[in-house]
Amino acid sequence: MKLFGMKPSTVTLSNGKTVVMKRSQTPFVVLLLVVLTIAAGKLTGFNIVELFERLPALWVILEQLFNPNFAYASKLWIPLLDTIKMSFIGSALGALLALPMAYLASSNMISNRVVVSLSKFFLSVLRTLPTLIVASIATFILGLGTMAGTVAIFMFTIAYVGKLLYEQIENADMKAYDAMLSVGMTPLQSFRYAILPQVLPSYLSTALFSFEGNVRYASILGLVGAGGIGLMLNENIGWRNYSNVGMILLLLMVTVIVIETISETLRKKLI
Amino acid sequence: MNAVQRQYEQEPRWKTSTIISMIFAFLFLVWSTTAIDFSNFTESGMKIAKNILLGIVQPNMDLLFNFTQQGVPYLLLETVAIAFLGTIVGSVLAIPLAFLSATTIVPKPVAYLVRLLLIVIRTIPAIIYGLLFIRVTGQGAFTGVLTMSFVSIGMLSKLYTDVIEELDHGVLEAMESAGCTTYEKIRFGVIPQLSALFVSIVIYRFDMNMRDAAVLGLVGAGGIGAPLIFAMNSHRWPEVGALLIGLIILILIIEWMSNRLRSKIIKGV
């Protein structure tokens with residue numbers, strides 16, 4: 001029963017001193033995880049036998065995926081550029097609007113606690129909404145096409161950049177800001193000249209980082225009709241034309257890696 | 001020239017490079033504005049927007065507190081189960097891959113090859129794996145679990161690798177000089193260094209998987225996504241409201257718990 005003993009054990013050292021050793025909680029945590037895993041397996045119908053039975057079907061798909069149909073690439077440039085456009089304009093506008101939102105959500109800039117909490121809550125809720133769901137709702141309002149995708153990316157970027165930015169503003173050095181206030185500048189002026197220069201590099205870097213991630217998200221928004229390359233992806237998977245799917249994924253991967261490399265270089269220069 | 005002026009003169013000048021990058025960014029921006037197009041935004045769009053807002057403000061309460069298999073609580077439970085099991089399976093599968101891509105453990109060519117594979121896994125969004133796995137194991141939560149397990153591997157392995165490469169070798173050398181066996185070195189020298197960070201990484205991934213699992217239903221891989229998209233397509237906005245509210249609350253709670261747990265594990269508070 002020593003393993004499950006709750007009481008800390010006392011060890012007497014050779015010099016007569018006693019040391020209290022805390023009981024490890026690990027056995028309980030492991031037990032809990034095992035129970036939860038089994039429960040989750042039951043609930044989701046986890047079946048390893050079925051997986052191995054169906055494995056041949058997976059090989060057929062993979063074989064075609066790794067034989068991309070290069071002739072199909074000529075039809076992909078326009079949707080691919082649409083995807084990049086959507087993510088760029090959505091990220092740029094979103095990052096721009098994130099600045100006033102972050103200002104309102106910073107407890108050291110706004111003294112009204114209600115405004116701060118409401119802005120923070122708004123940003124959290126916006127961040128929780130899955131981009132794909134927002135895009136899907138947007139297609140009902142704005143019609144099918146790139147506009148709906150742009151709106152979805154725009155909203156996610158506000159939330160993402162806004163949250164990271166208000167954390168930066170709250171951790172900024174307030175001395176210059178206070179000095180400027182005390183010589184009679186307005187709070188907005190002081191923010192512009194004391195806080196903004198401090199957070200600007202990380203703000204731009206976050207915006208670039210979110211653009212990187214958004215290209216990836218934008219590529220799937222076509223599944224719900226919100227424009228870009230996702231539409232072709234959905235169609236080709238529907239037709240089981242996996243060598244076309246392979247081509248799309250290859251192109252997407254190259255695009256993402258190129259954009260990531262460019263953005264990473266820029267971000268390193270910024271910070 | 002006083003000290004202030006001298007310091008001012010020393011400030012690095014970025015003028016040309018700033019102007020050039022701004023021109024590029026501006027041109028890129030102008031080009032991308034073609035994605036904005038209000039031509040499809042009509043009167044009916046306005047009406048739908050109003051209905052959506054009304055639906056979210058007045059959600060379908062019966063659905064929100066319905067404890068059968070069609071109710072929000074059960075769907076959320078299923079979503080959590082998919083994300084949880086996916087994270088557990090992924091976190092185990094990622095461990096060997098992480099060791100194989102650590103340059104301090106295996107020869108460099110092997111490490112870079114495994115890394116390339118991990119990059120490929122990471123670049124493709126979860127929902128695309130979902131679409132592919134549906135062709136293999138059919139619709140349902142099991143497909144969702146497979147998707148989440150597979151997607152998790154990419155990021156988990158990368159973060160594990162970073163931890164493994166940071167491993168403090170001094171401890172191992174000290175143990176060796178004190179005469180410890182290989183098993184003892186792993187048990188008391190390696191595992192304690194890795195476990196806390198690994199657990200923290202896995203909890204973070206669970207938080208992320210929750211968001212992905214919520215949309216997997218869109219392609220039929222179980223969870224809350226499928227009823228959500230059905231309700232949207234048939235314009236039952238109060239139902240959409242109920243499902244979304246449930247989802248938002250759940251994700252916020254899990255995010256809060258994940259942050260608390262991780263700071264407790266890493267910093268001990």
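Let's start with two helices in chain A, α3 (residues 77-105) and α8 (residues 187-221), which pack at an angle of about 150° with their axes 9 Å apart. This is a predicted model, in which local features need pLDDT of at least 70, side-chain atom pairs count only at pLDDT 80 or more, and totals for chains, interfaces and linings use all residues. Residues are numbered from 1 along each chain as its sequence is written, while chains are lettered from A and ligands numbered from 1 in the order in which they are written.

A few words on terms. Helices here are DSSP runs (H or I, at least four residues), numbered from the N terminus. An axis is a line fitted to C-alpha atoms over the stretch in contact, and angles run from 0 to 180 degrees between N-to-C directions.

Back to our pair. α3(A) passes α8(A) in a right-handed crossing, that is, with the near helix turned clockwise from the far one by less than a right angle. Who meets whom? On the α3(A) side we find, among others, F88(A), G90(A) and A95(A), and on the α8(A) side residues including A207(A), F211(A) and V215(A). Contact means that C-beta atoms, placed from the backbone, lie within 7 Å. The residues of this contact divide into 10 nonpolar, 7 polar and no charged. Here Ala, Val, Leu, Ile, Met, Phe, Trp, Tyr, Cys and Pro count as nonpolar, Asp, Glu, Lys and Arg as charged, and the others, Gly among them, as polar.

Next pair, please. The axes of α5 (residues 131-142) and α6 (residues 146-170) of chain A come within 8 Å and cross at roughly 135°. These two helices are therefore oblique to each other (angles under 35 degrees count as roughly parallel, over 145 as roughly antiparallel, 65 to 115 as roughly perpendicular and the rest as oblique). Their crossing is right-handed. Among the residues in contact are V134(A) and A138(A) of α5(A), with V151(A) and M155(A) of α6(A).

Now look at α9 (residues 230-238) of chain A, where L231(A), L233(A) and I237(A) are among the buried residues (buried: 20 or more other C-beta atoms within 10 Å of its own; exposed: 12 or fewer; partly exposed: in between). Their cover includes α3, α8 and α10 (242-270) of chain A, together with α7 (126-137) of chain B.

Finally, the two chains. Their contact takes 47 residues from chain A and 48 residues from chain B. On the chain A side, α5(A) gives the most, with 7 residues.

Technical notes: Contact = placed C-beta atoms within 7 Å.
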